[in-house]
Amino acid sequence: MQAALRISNKQARWLWLASQGLSETPTGPLDVYGMIEKLGFVQLDTIQTVSRAHHHILWSRNQNYREKMLNPLLAKDRLIFEHFTHDASVIPMKALPAWRRQFRRMEKKANHWYTEVAGTDLMRDIKARITEEGALSTHAFDTKNDRPKEMWARPPHKRALDYMWLTGELATCFRKDFTKFYNLPERVFPEELRRREMSEDAELDWLLGEAIDHIAVGTAREIQRFWDASTSVETKEWLSKANLIPVEIENADKTITQAYGAPDIEARLADLVAPSSRLRIVNPFDPVTRDRARLDRLFGFDYRIEMFVPAAKRKWGYYVYPILEGDRFVGRIEVKANRAKSELTVINFWPETRVKWPAARQNKLHAELDRLGRFVGCGQVTWGTPFSLA
């Protein structure tokens with residue numbers, strides 16, 4: 001048996017930030033598709049406290065990015081498509097042949113989630129209209145919600161569209177003001193990729209191979225959770241045959257986790273350089289922070305999103321952003337943009353325990369707030385909290 005490669009906590013942090021595009025200074029030539037390809041996928045989210053998650057995630061990696069730059073990759077260039085990983089996401093189009101696996105997995109779930117619409121005349125009528133009229137959004141249909149008392153209840157036509165999108169019967173062809181427009185997959189997906197056949201084993205091998213490539217090192221669960229496109233049993237069976245490197249990762253609390261490294265992990269370690277000392281306000285849905293257990297294990301940063309927690313029970317706030325400096329999370333900040341007034345307001349700020357905030361670090365935060373404000377068209381930053389870094 002091959003001896004496990006020991007990876008220090010500092011190396012593990014640097015590997016994770018480098019693999020996720022948060023190691024280099026976020027400037028220079030802009031390649032939006034290249035950033036998405038490096039990440040593997042970018043989660044979509046509707047909340048626009050400052051900027052929607054997908055835009056903020058891309059901006060964090062290159063601050064020349066602007067919000068209008070994403071949709072053309074979907075609508076015109078067909079370089080990305082939308083589907084469900086752990087949540088709705090944009091995914092490089094090159095993943096499509098292997099992604100049939102996820103369409104099949106989602107069909108099983110959709111048959112359970114949307115039993116009342118599966119195979120109905122409503123679904124057939126919606127698809128017939130899209131076939132005849134072209135791309136349509138939910139606003140083109142008008143069915144009444146038959147479950148008005150249920151929280152998050154959606155009218156039948158939306159549930160039917162969800163079903164067909166999850167199963168690959170329909171595809172997102174573009175968005176307008178974040179409203180999704182659906183079309184037939186043969187009108188959206190490039191024919192060569194749509195027709196390329198892969199065996200089920202090849203699909204799984206491609207997806208899990210990409211997962212370890214994107215995270216550099218990880219446990220079986222972390223590899224599985226990257227795409228959320230396989231079961232734990234399938235993942236462990238794949239790992240037993242994969243050409244991965246056994247590693248021991250030192251955690252932030254000095255404990256050791258047995259894990260796996262990408263086949264080229266030794267070369268990655270040899271090429272490691274310290275992350276930029278740039279201070280960044282990171283989105284709550286950023287891939288670096290999405291896996292809360294991994295975040296806590298590697299960085300000792302205990303972070304939760306509390307938007308669904310009743311206000312009186314929140315420890316922090318509704319939409320709180322982690323603050324990353326180099327390879328440390330040094331604080332949290334709650335910020336809200338009022339684009340109409342061109343104002344970015346700091347609602348609250350919490351430095352991490354045992355992290356000092358000298359003038360140099362304060363200046364870095366002011367500079368990042370100014371940059372974030374310019375990104376969303378807010379020229380003025382105001383502090384609505386008694387804690388001031390003036």
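Start by selecting Asp213, Asp264 and Arg268: a network of salt bridges links them (a salt bridge puts a side-chain nitrogen of Lys or Arg within 4 Å of a carboxyl oxygen of Asp or Glu). Before going further, keep in mind that this is a predicted model, where local features need pLDDT of at least 70 and side-chain atom pairs count only at pLDDT 80 or more, while totals for chains, interfaces and linings use all residues. Residues are numbered from 1 along each chain as its sequence is written, and side-chain values use heavy atoms, with hydrogens and water left out.

Helices here are DSSP runs of H or I with at least four residues, strands are E runs of at least two, and both are numbered from the N terminus. Arginine 268 is buried at 18% relative accessible area, whereas aspartate 213 is partly exposed at 37%. The cut-offs: buried is under 20%, exposed is over 50% and partly exposed is in between, with a 1.4 Å probe and protein chains only.

Next, select glutamate 222 and arginine 297. Their side chains form a salt bridge, again given as 2.6 Å from N to O. Glutamate 222 sits in helix H10 (residues 220-227) and arginine 297 in helix H14 (residues 292-299), so the bridge ties together parts 75 residues apart in sequence. Glutamate 222 counts as buried at 9% relative accessibility, and arginine 297 is buried too, at 15%.

Stay on H10 and show the whole helix. Six of its eight residues are buried, so H10 is largely enclosed by the rest of the structure; among them are Ile223, Phe226 and Trp227. Step off the end and you reach aspartate 228, which has a positive phi, near 55°.

Which residues does arginine 105 touch, not counting those up to four places away in sequence? Asp228, Ala229, Ser230 and Thr231, where contact means heavy atoms within 4.5 Å. Arginine 105 belongs to helix H5 (residues 96-113). Arginine 105 is buried yet has no salt bridge, and the nearest side chain of opposite charge, glutamate 234, is 4.9 Å away (Lys and Arg count as positive, Asp and Glu as negative; His and the chain ends are not counted). What the arginine 105 side chain does have is a 3.1 Å polar contact with the side chain of glutamine 102. That term means a pair of N or O atoms within 3.5 Å; within protein, one must be able to donate a hydrogen and the other to accept it, and residues adjacent in sequence count only if both atoms are side-chain atoms.

For another salt bridge, pick arginine 175 and glutamate 82, whose closest N and O atoms are 2.7 Å apart. Arginine 175 is in strand E6 (residues 171-176) and glutamate 82 in strand E3 (residues 80-84), so the pair joins parts 93 residues apart in sequence. Arginine 175 is buried at 15% relative accessible area, and glutamate 82 is buried at 5%. A search of the whole structure finds 25 salt bridges.

Last stop: an open sheet of five strands with mixed pairing, in the order E11-E12-E13-E14-E15. Strands E11 (279-281) and E15 (380-383) stand at the edges with a single partner strand each, so one side of each has no neighbour in the sheet. E11 runs antiparallel to E12 (residues 320-325), joined by three bridges; two strands pair if DSSP finds at least two bridges between them.
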